[in-house]
Amino acid sequence: DYVILNFWAGNWDWSHQNWYATFNRVDPAGRWRFHSWDAEHVLETANETRQMDANQPYSPTAMHQMLKADPQYVMLFADRVHRHFHNGGALDAEQAWALYQTRLDEINEALVAESARWGDNQRATPYTRDVEWAAEVARLQEMILPGNDGASRTSFVLAQLRARDLYPDIDAPDVSHPGGIVEPNLQVALSNPNGGGTIYYTLDGSDPRPAGGGAPVAGTPQYSGPITITQTTLLRARVWDGSEWSAATEAQYLVGVA
């Protein structure tokens, strides 16, 4: 997730510097956590890709490049990309902008005082919220949200990951309901956005794809029609075209939760 975020944001001042990782020394089961640090050089250009090919010694990108040799890591990476880039994930274009807009609203008034205090630091005519800041917000909105040609930072990065074999060529299944708190007997439909292939799914969170790839796990059902959700369920579905698996579509349905 940490690597995906920096790829998406185009953080060109990373990972040769500006990264930290920590763990809890008193917790034997403690996990390493990577922290976004000093990341002001992000979302500067729509087509930034340098980080995707970076391999800085003793850094997160070095670990990522080594892990790419493991097909299981590549599939997990693709699954996480799909989770964050689609179905309302944090980096889905619409959701990413909604999150950004929340921050814009929080600082809108403060920017007036910021301009008054620092706006003339670099030039005699002060930078202001309603001129330079508004122009920057408009630029970011154009970059993050799909434009007239359907492009967005999310779609661009997805295409670049595909070109680097970090995301499958076939698309993951679409799901009619993204999950959350639902009423019993919800009907959930899956659809295959590809020209071929078969959707396989599970309702217990297990993976239709066996570790290492290959034909579906024995006994995994093929999708043939709407799925009735009667209890709390973790749906996981992939498309199998006979030689390649799509990333996983996941949706958790919470039934009977107030």
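Modeller: Accessible areas come from the Shrake-Rupley method with a 1.4 Å probe, and for residues only the protein chains shown count as cover. The protein exposes about 14600 Å², and carbon and sulfur atoms supply 52% of that area. This is a predicted model, in which local features need pLDDT of at least 70, side-chain atom pairs count only at pLDDT 80 or more, and totals for chains, interfaces and linings use all residues. Residues are numbered from 1 along each chain as its sequence is written, and side-chain values use heavy atoms, with hydrogens and water left out.

Colleague: How many helices and strands does the protein have?

Modeller: There are seven helices and 10 strands. Helices (H or I, at least four residues) and strands (E, at least two) are DSSP runs, numbered from the N terminus.

Colleague: What share of the residues is buried?

Modeller: Buried residues make up 37% of the 258 residues. Buried means under 20% relative accessible area, exposed over 50%, and partly exposed in between (1.4 Å probe, protein chains only).

Colleague: Now Thr249: is it buried or exposed?

Modeller: Thr249 counts as buried because its relative accessibility is 1%. Thr249 is found in strand β10, residues 249-255.

Colleague: Which residues does Thr249 touch?

Modeller: Leaving out residues up to four places away in sequence, Thr249 touches His82, Asn87, Ala172, Pro173, Val175, Leu235, Arg236 and Ala237. Contact means heavy atoms within 4.5 Å. The side chains of Thr249 and His82 also make a polar contact, at 3.2 Å. A polar contact is a pair of N or O atoms within 3.5 Å; within protein, one must be able to donate a hydrogen and the other to accept it, and residues adjacent in sequence count only if both atoms are side-chain atoms.

Colleague: And Ser243, buried or exposed?

Modeller: Ser243 is exposed, with a relative accessible area of 63%. Ser243 is found in the loop between β9 (233-240) and β10.

Colleague: How far apart are Ser243 and Ala116?

Modeller: They are 127 residues apart in sequence and 61 Å apart in space, C-alpha to C-alpha.

Colleague: Turning to α2, which residues are buried there?

Modeller: Pro60, Thr61, Ala62 and His64 are buried in α2. The cover over the buried residues of α2 includes α1, β1 (19-22), β2 and α3.

Colleague: Lastly, what does the C-alpha trace span?

Modeller: Along its principal axes, the C-alpha trace spans about 70 × 45 × 45 Å.
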